[in-house]
Every structure is written in structure tokens, then in C-alpha cells.
Amino acid sequence: MSSGEPDGKKDRLEGRFFFSQPHQQVRIGLDPRLPDLVLPSVLEVPFARLAERGIVNYIFDVDNTLLPQFSQKVEDKVVKYLQKAQAEGWIRSACLLSNAMFGSERQLRMERIGKQLGIPDLFAADFWSRKPHPVGFYWALERMNCTPATTAIVGDQIYSDIVGGNRMGLYTILVSPPGPDHWSTGLVMRRLREWLLLRHYGISRPIWREAPEEE
Ligand SMILES: [Mg+2]
């Protein structure tokens, strides 16, 4: 990524890229738990810039990535942001990959969320296929008919979304959760482990925010 233009917004986005290239070789010797990009929310994923680098296929985590954990409705802002990226050709294909395994309505809720976003392809993992297990990722790549080099995962959890994505050789994007976690996330102290990991590398996780400031 080279740009010397005095474009404030561009520079701010560039600052958040940890690695200069999305190629996986860059990660050799680095911690496989680290994401390529850390953002406050899905509303700030730089789809256009990633498309320039050949990343046009997206696997989205659902809970606390696209909408709060206990919510049923995806915010209009998120829907519009993704639809715009699709219309511009920055997103070629997308699918949903969720670990949510509680509740009898699990599958129905996923389908409702997919409908709101216009993403019919979704994978609701059961206990044995939860991320970072590769089965959902394989399913997604096959479904979207694409390779890891052109694919990114956007998720809020390091130990499922990011670790799983890195194992598959995807470009990994960590976003901050907009709401509280399911009790099971607290039970295994995922957030504490994430916090310790990021702190170890001196990475500060941005707090979730409503939307990027306009220029
Ligand atoms: Mg999540």
C-alpha cells in the first residue's frame, strides 16, 4: 500500500493495516492469532481498498459482528453499507458463518438475518463444527467458489473467527462487538484472553462506534 496523498481518511485507514500485503507469507513467524486488520465496526471495513488488492469475497461472522448478539434486526446502516459495496463490485460474494448453537430458533434467526442482508448462504455450526474448526470455512469457500487469497473473514472473536481464518489462509479482520456477549463466551474467558493477547503485542482494540466520522 503506497500512497502519499494527503487524504486524511485514507491515511487513517492505512494506519490500521498491520501488514503491508495480505499475502500469507507475511504471517510466518508471527502469531497466528493476530488479525490483519483491527477495526471498530463492520461499518468501517475498507471494501474498496481491499478489492484493489484482490479481496472480493467475504465470510461474515453474525453475532456481535453484523448485529448485537441478542438482536433480531440488522441495522439499516449495515445493510446499506454492504449493499453499496456489493453494487460497486467490491464484494463479489458473501456468506454467513455463525457459531451460535443455543436456542431452538437458531437456524430460523440466521435465515431471517440473511434475508435482511440479501445473503442466502449461511452456515450455522453445531457443537462439532464451531469455528475455528475448518469445516465451515471449507463450506464457505466452496459455496462462494473462491480461493483463500481472494477471501476475507470479518468477525469479533479472535479465538474463533480470526484463528480459524488465519488457519485457512484468509485475510482476517477483527471488529469490536456492539453489544454484550453470550454467557458462554464469558465462561471460557475468551475476551480476557483476547485482551491479554492484544496487550502483549501493544495493539489497542478500538471501542465499537456507531459509524465513521464523515469527512
Ligand atoms: Mg461473533
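Visitor: What should I know before I start?

Guide: Residues are numbered from 1 along each chain as its sequence is written, and side-chain values use heavy atoms, with hydrogens and water left out. Because the model is predicted, local features need pLDDT of at least 70 and side-chain atom pairs count only at pLDDT 80 or more, while totals for chains, interfaces and linings use all residues.

Visitor: Which residues are the protein donors of the magnesium ion?

Guide: Donors are N, O and S atoms within 2.8 Å of the metal (3.2 Å for Na, K and Ca); water is not among the atoms, so sites may look incomplete. Here the protein donors are D61 (OD), D63 (O) and D156 (OD), 2.0 to 2.3 Å from the magnesium ion. Their spacing in sequence is D-x1-D-x92-D. D63 sits in the loop between β2 (57-60) and α3 (76-87), and D156 in the loop between β5 (151-155) and α6 (158-168), 93 residues apart. Helices (H or I, at least four residues) and strands (E, at least two) are DSSP runs, numbered from the N terminus.

Visitor: Are D63 and D156 buried or exposed?

Guide: Buried means under 20% relative accessible area, exposed over 50%, and partly exposed in between (1.4 Å probe, protein chains only). D63 is buried at 8%, and D156 is buried at 2%.

Visitor: How do I read a nonpolar core?

Guide: Look for a set of buried Ala, Val, Leu, Ile, Met, Phe, Trp, Tyr and Cys residues joined through side-chain atoms within 4.5 Å. The largest one here has 32 residues, and F60 is among those that touch the most other members. Helix α3 gives the most to this core, with four residues. A second, separate core of 13 residues includes L97 and F123.

Visitor: And how many salt bridges are there?

Guide: Side chains of opposite charge can pair when their charged atoms come close. The rule asks for a side-chain nitrogen of Lys or Arg within 4 Å of a carboxyl oxygen of Asp or Glu, and the count comes to 10 salt bridges. In one of them, K131 pairs with D161, the closest N and O atoms being 2.7 Å apart. K131 lies in the loop between β4 (122-124) and α5 (134-144), D161 in helix α6, 30 residues apart. K131 is buried at 4%, and D161 is buried at 1%.

Visitor: Which residues are linked in a network of salt bridges?

Guide: D156, D181, R191, E194 and R205 are.
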